[in-house]
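Visitor: Could you walk me through this one? I would like to start with the annotation and then move on to the geometry.

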Amino acid sequence: MLEIEKLSIVLPSGADRALAIKDVSFSVKSGSTLCLVGESGSGKSVIGQAVAGLLPQTLHCLKQSSIRLGGRNLLSLDECAWRRIRGREIGMVFQEPMTALNPLMPVGQQIAEVYRSHGLRLRKAEVRDRVEGLLERVGIKDPARISKSYTFRMSGGQRQRAMIAMAVAMKPKVLIADEPTTALDVTTQRQVLDLLADFQAETRMALIFITHDFGIVADIADEVAVMESGNLVEFGSKEDVLARAQHRYTRKLLAAVPRLHEHKASVAERSTPVLEVRGLSKTYGVATSIFRRQDMRVLNDVNFKVCKGEVVALVGESGSGKSTIAKCLTRLTSIDTGSIRLDGADMLSLKGEALMKLRRKVQIVFQDPYGSLNPRQKIVDAVSAGPIAQGVASREARELAEHLLTIVGLGRNALDRYPHEFSGGQRQRIGIARALAAKPEVLIADEAVSALDVTVQAQILRLLADLRDRLGLTMLFITHDLRVAGQVSDRIIVLKAGNVVEEGPTQAIFTKPSNQYTYSLLQAIPGISSNESALVRNKCVC
Amino acid sequence: MRYFYSVPRSVLTFCGFNWQIANGAGIIALLALVAFGASPISPYGAWEIAGTPCLPPLSPEHLLGTDMLGRDVLSGVIYGAQSSLLVGLASAGAAIVLGIVVGAFAGYYGGIVDDILMRFTEFLQTMPGLALALVLVAVLGPSIWSVVIAITIVSWAPVARLIRAEFLSLRGREFVLAAIVLGQRNTKIILSQMLPNALGPIVSTASLKVSSAILTESTISFLGLGDTTRMSWGMMIGNAQGQLREAWWMSVFPGVALFVTILGLTLLSDGIARSGSARKQSML
């Protein structure tokens with residue numbers, strides 16, 4: 001139904017390549033799902049924008065390109081004609097519902113706008129009924145209240161549901177979903193995927209689903225298109241692509257997908273606890289209105305131990321308190337009650353100079369590879385900052401920095417460069433080198449691979465596993481992704497709303513979880529839930 | 001200090017082809033040249049009675065004419081550049097340093113330190129700047145340094161607030177958190193991690209600060225409260241205001257000099273701000 005032919009999109013001069021999209025042709029039948037897969041920068045989102053007529057003004061299509069919907073070439077339309085098509089025939093769901101929805105307008109009104117702008121003359125009560133019906137249809141429990149709510153009062157899942165409600169309000173023939181679940185928790189992601197599939201079955205719409213996650217592909221796709229730097233390198237049915245990938249790049253992507261049950265236990269002995277957390281509680285005061293403050297308990301009596309040479313994963317959805325634990329352990333935030341012992345010494349009683357000394361023993365690698373390095377500081381200064389703060393001479397610190405950068409896989413020529421010259425994965429390596437330079441007892445990786453592409457993610461995970469074996473590193477690995485946790489950790493601690501709900505060896509958690517919540521997390525992992533899944537069945541792709 | 005190496009370099013790199021910066025910097029460079037080379041350039045001394053009083057412009061030997069005492073207007077304008085530049089740079093520099101120190105402490109430490117410093121800053125900001133400066137000069141006595149001190153006192157507060165705001169947002173950035181966890185000292189974190197990243201907006205306000213300092217100085221001199229031993233544009237305009245109808249050149253030429261200087265500084269500030277935001281956009 002939607003046919004894209006010889007689509008080429010020109011980038012402005014000075015970009016890293018001439019064409020954002022090069023000669024891409026494919027089609028989507030009504031009622032079927034096409035997954036557009038690729039790493040960041042592969043051009044998959046640009047295709048989505050082109051189909052919805054939302055290309056930024058700096059990009060334009062080459063003459064021979066055509067996008068046909070029901071016989072019409074969309075690329076020849078003027079803005080006026082586009083306005084009639086968007087929303088009515090082509091719907092779009094974006095990655096970040098918080099920024100895609102208007103923060104100053106109740107969502108119900110935003111959905112009602114769709115009807116109004118497509119010329120439906122309805123009475124007020126009729127509009128209200130329709131909006132609320134639609135919200136109920138997308139699985140919002142209290143549609144009357146939510147339709148009057150502003151986006152900041154809603155959860156991420158509710159926002160994305162509202163966004164979907166807007167996109168499908170006019171029952172479009174084509175729905176473009178650009179990474180709609182990337183910002184969501186794994187259980188919410190599952191619900192949103194089910195919702196989309198449900199809608200599709202009802203309205204027979206064609207779904208173009210842009211994603212980087214092969215788990216999702218395995219779950220929902222009928223056909224898969226793989227993009228690599230603007231080229232369509234592979235196109236075929238899900239079964240063909242996942243099981244019999246032809247192109248080298250597709251095979252590389254598939255090999256990088258983290259797999260459950262593919263775990264190599266660490267070699268170190270595990271007897272002496274390095275880090276002991278007992279009865280850790282933390283409460284934030286949250287303003288619920290101008291006059292009222294409510295205490296929000298983010299950690300509730302958390303206990304755990306980390307032994308020497310062990311990798312422990314803290315797994316939980318957003319709001320489970322896992323990042324607060326990292327902040328408590330690094331003393332970046334205060335603690336209400338509880339104790340943290342590092343090598344037997346109480347971390348909480350220390351102040352001033354003694355705190356400085358102990359502090360370096362717990363180091364942290366952050367999530368955002370762009371925010372975690374000072375843009376105005378050379379790499380050598382960033383990496384040697386820790387040793388210099390400990391009183392190492394600057395020449396020695398430089399040598400150490402060079403050594404560590406080699407260990408994390410960057411050459412010595414990285415030393416005198418600035419962060420903007422490096423890619424996300426390289427920056428994350430620099431962040432790891434900086435943390436290691438302080439010779440930590442415990443390394444905390446706070447969602448350290450979540451912002452990375454799947455192939456880069458696999459490289460960083462390999463690096464961490466390698467460091468664990470070579471340096472006997474003790475690691476606390478904080479993640480929302482059970483697949484990643486399964487790959488690196490010896491033990492997993494599952495957190496829910498500030499409570500430890502389950503703790504145990506990684507294998508045991510995956511094979512027989514004792515807690516209902518852990519079970520639901522496992523079920524929600526894309527590509528895992530159905531045993532028929534091609535991805536699980538064909539474990540070895542290469 | 002080696003922490004600052006990266007800042008001027010990046011500013012220079014991105015300023016390469018900006019016409020505003022080119023013109024603004026050209027004007028300021030010319031001004032500096034005139035101020036430093038005043039004695040060789042200027043045809044007469046600043047106070048020297050060089051010819052017949054009230055000669056109009058384009059008279060032989062007096063390009064811009066003479067004033068009512070027979071002093072050469074061109075020489076006055078040239079020597080006036082000295083005090084304008086001195087007061088402008090010294091007081092803007094002092095105000096920026098003071099503002100950075102106060103703002104950095106308030107933004108980094110927060111809590112009670114922030115409260116005390118910011119209440120004091122706000123207290124200063126509630127007073128009308130020019131009136132306070134005039135009172136201060138009157139109290140401190142008519143010398144160029146009391147003018148500098150007065151202008152510094154009335155102009156550091158906005159810098160402090162700007163730096164504080166930058167520091168508040170930088171305080172939560174991951175690279176600052178990482179530096180804290182690494183055990184870097186507070187002063188080192190402020191100087192090496194945060195300040196270089198907060199200087200962008202300061203660089204563009206700096207030249208506006210200089211221009212407002214120059215304007216304030218001429219106002220003070222115009223009112224006759226400034227240093228009477230130094231030639232100044234404001235003083236020339238003030239002295240000549242009675243003759244504006246009969247001898248317009250005595251006040252118009254120092255006025256033009258003032259106008260061109262302010263224009264140059266404003267261009268510079270705009271250009272820097274624009275190249276800064278252009279860089280931000282290209283980074284996104």
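**Annotation and model**

Guide: For "domain: ABC transporter", an unreviewed UniProt entry lists residues 2-254 and 275-522 of chain A; UniProt positions follow the numbering used here, feature names are shortened, and annotations may be inferred rather than shown by experiment. This is a predicted model, in which local features need pLDDT of at least 70 and side-chain atom pairs count only at pLDDT 80 or more, while totals for chains, interfaces and linings use all residues. Residues are numbered from 1 along each chain as its sequence is written, and chains are lettered from A and ligands numbered from 1 in the order in which they are written.

Visitor: How much of 2-254 in chain A is helix and how much is strand?

Guide: Residues 2-254 of chain A are 40% helix and 24% strand, and the end C-alpha atoms of the span lie 27 Å apart. Helices (H or I, at least four residues) and strands (E, at least two) are DSSP runs, numbered from the N terminus.

Visitor: In what order do the 6 strands of the open sheet in chain A come?

Guide: The order is E7-E8-E9-E3-E10-E11 in chain A, with mixed pairing, where two strands pair if DSSP finds at least two bridges between them. Strand E7 (90-93) and strand E11 (231-237) of chain A are at the edges with a single partner strand each, so one side of each has no neighbour in the sheet. Neighbouring strands in this sheet are turned by 15° against each other on average, with direction ignored.

Visitor: And what joins E7(A) to E8?

Guide: E7(A) and strand E8 (residues 174-178) of chain A run parallel and are joined by 4 bridges, with Val93(A) standing opposite Ala177(A) in E8(A). Helix H7 (residues 156-168) of chain A lies across E7 and E8 of chain A, at about 170° to E7(A); axes are lines fitted to C-alpha atoms, for helices over the stretch in contact, and angles run from 0 to 180 degrees between N-to-C directions.

Visitor: Switching to chain B, how many helices and strands are there?

Guide: Chain B has 11 helices and 0 strands, and its C-alpha atoms fill a box of roughly 75 × 45 × 30 Å along the principal axes. Of the 284 residues in chain B, 45% are buried, meaning that 20 or more other C-beta atoms lie within 10 Å of a residue's own, with C-beta atoms placed from the backbone.

Visitor: Which elements of chain B give two or more residues to the side that touches chain A?

Guide: The contact takes 17 residues from chain B and 22 residues from chain A, with two residues counted as in contact if their C-beta atoms, placed from the backbone, lie within 7 Å. On the chain B side, the elements giving two or more residues are helix H8 (174-181) and helix H9 (186-222), and H8(B) gives the most, with 7 residues.

Visitor: Last topic: which residues have the most contacts inside the largest nonpolar core?

Guide: They are Ile444(A) and Phe477(A), in a core of 148 residues; a nonpolar core is a set of buried Ala, Val, Leu, Ile, Met, Phe, Trp, Tyr and Cys residues joined through C-beta atoms within 7 Å. Helix H4 (residues 73-109) of chain B supplies the largest share of this core, 15 residues. Leaving aside neighbours within four places in sequence, the contacts of Ile444(A) include Ala326(A) and Leu329(A), and both Ala326(A) and Leu329(A) are buried residues of H12(A).

Note on methods. A residue is buried if 20 or more other C-beta atoms lie within 10 Å of its own, exposed if 12 or fewer, and partly exposed in between; C-beta atoms are placed from the backbone.
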